[in-house]
Amino acid sequence: MDVLVTPTPRLQGELQALSSKNYTTRYLLVAALAEGTSTIHYPAHSEDSDAMRRCIRDLGAVIEEDDRKITITGFGSRPRDVKELDVGNAGAVLRFLMAIAALAPDVTFINRYPESLGKRPHDDLIDALGQLGVDVRHNAGKLPITIRGGAPKGGKIQVSGSVSSQFLSALLFLTPLLQEDSEIEVLHDLKSKVVVGQTLEVLEQAGIVIEASEDLMRYRVKGGQKYAAKEYVVQGDYPGSAAVLAAAAVTRSDVKLHRLLENSKQGERAIVDVLRMMEVPLTHDNGVVHVQGNGRLKALEFDGDKATDAVLAMVAAAVFAEGTSRFYDVENLRYKECDRITDYLNELRKAGANVEERRSEIIVHGRPEGVEGGVEINAHYDHRVIMALTVVGLRAKSPIRIRDAHHVAKSYPIFFDHMKALGANVEWVESK
């Protein structure tokens, strides 16, 4: 399905932020790795979190759920012998479970999205698993991938962090369950350190002890640990909320978004600070972000690696800012559901934005007068691109049609319902 976004000058209303996708997938995993029953309150419901539910169930977790909570009886360090796993289009779920599949004899991850996840590289994790004695069969580092494990060994492991922090997180979930102690060294650079912080936070809550260096480049992990069965409460999701807040910033608005903790470890919390730097009128108190936008924004420079999943929404806001904005250290955006630099900027140009790309930078020459719109643009199967392009469509002079917008369900299935509730003129239309 496509979505038609018609210019909308004003947004108004209150929303409860969706539950965090990143925390939900991590809590689901640590609950599955526990021997006992855990409860997760306010879990996210999205294609990514559903993929993790489906796969841990296939691996032997027993799951019961209602509208507000999930109870999971885990399989501990002994996953069920399953031949195939389908992670859909969820990269983090794939990478975390590639590590856990090392505890099983023979698991193949199928390739259901050859034009998206099927194009993403996983060589760095494959190399690291090889150091644990795991035999990995793959298609030049890409799906389909077969893990022949059963008895991975601890020890000294090196993993590159220059493409994604998810490879490191995968090893951090696995190594406590190995019999031997492990030392993990991150090579080159570590992207999205704040997301590694979320992994470490969840592991600590699950009773796992890991010694991490201050720069998060070295880890000591005791073997023979057990995950504890616990109760978890999922906080509101900043990455999805970033697009809603950006939409409020570029319009005349009076929008309140609830359940966004001020002290959250989500790096995308920076969207609030970025909008403040852009001189958007807002407050953030008691978990409520209140934006009273006037449509006027100032340009800024920002280190995008601190808030990877909010960068596209920030760029969408900067399209209408006064002056030139620069988002740097964002090369890892190229390795997501699509190339979120080249692909996204190409679509922004079609809509009338004045943007430039570098290898690891996005430059935005703001157009406070708005963009022309009146075009059909390609979402590239990417939920973050869909949400960011919607923001741009609100300030276009003519409607924008976003193809295959149903892929927003990967992280935010009710995004367009929420936008309509605030008064956005968006409607589903049949794909051509």
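**The cavities**

The largest cavity has 26 lining residues, and Asn22, Ala92, Gln166, Asp309 and Lys336 are the ones nearest its centre. A cavity here is a set of points, on a 1 Å grid over the protein atoms alone, where a 1.4 Å probe fits but cannot get out; lining residues have an atom within 4 Å of a point.

Before going on: this is a predicted model, in which local features need pLDDT of at least 70 and side-chain atom pairs count only at pLDDT 80 or more, while totals for chains, interfaces and linings use all residues. Residues are numbered from 1 along each chain as its sequence is written, and side-chain values use heavy atoms, with hydrogens and water left out.

The structure has two cavities of 30 Å³ or more. The largest holds about 300 Å³ of space, where a volume is the space filled by probe spheres set on the points, and points are joined across faces, edges and corners.

Which helix gives the most to that lining? H1 does, with four residues. Helices H1 (21-32), H3 (91-100) and H11 (383-394) each supply at least two; helices are DSSP runs (H or I, at least four residues), numbered from the N terminus.

By class, the lining of the largest cavity has five nonpolar, 10 polar and 11 charged residues. Nonpolar means Ala, Val, Leu, Ile, Met, Phe, Trp, Tyr, Cys and Pro; charged means Asp, Glu, Lys and Arg; the others, Gly among them, are polar.

The second largest cavity has a volume of about 50 Å³. Its lining has eight nonpolar, no polar and two charged residues, and includes Pro239, Asp309, Leu312, Arg384 and Met387. H7 (238-250), H9 (311-318) and H11 each supply at least two residues there.

Definitions and conventions. On a 1 Å grid over the protein atoms alone, a cavity is a set of points where a 1.4 Å probe fits but cannot get out, and a pocket is an open set with protein on both sides within 12 Å along at least five of seven lines; lining residues have an atom within 4 Å of a point.
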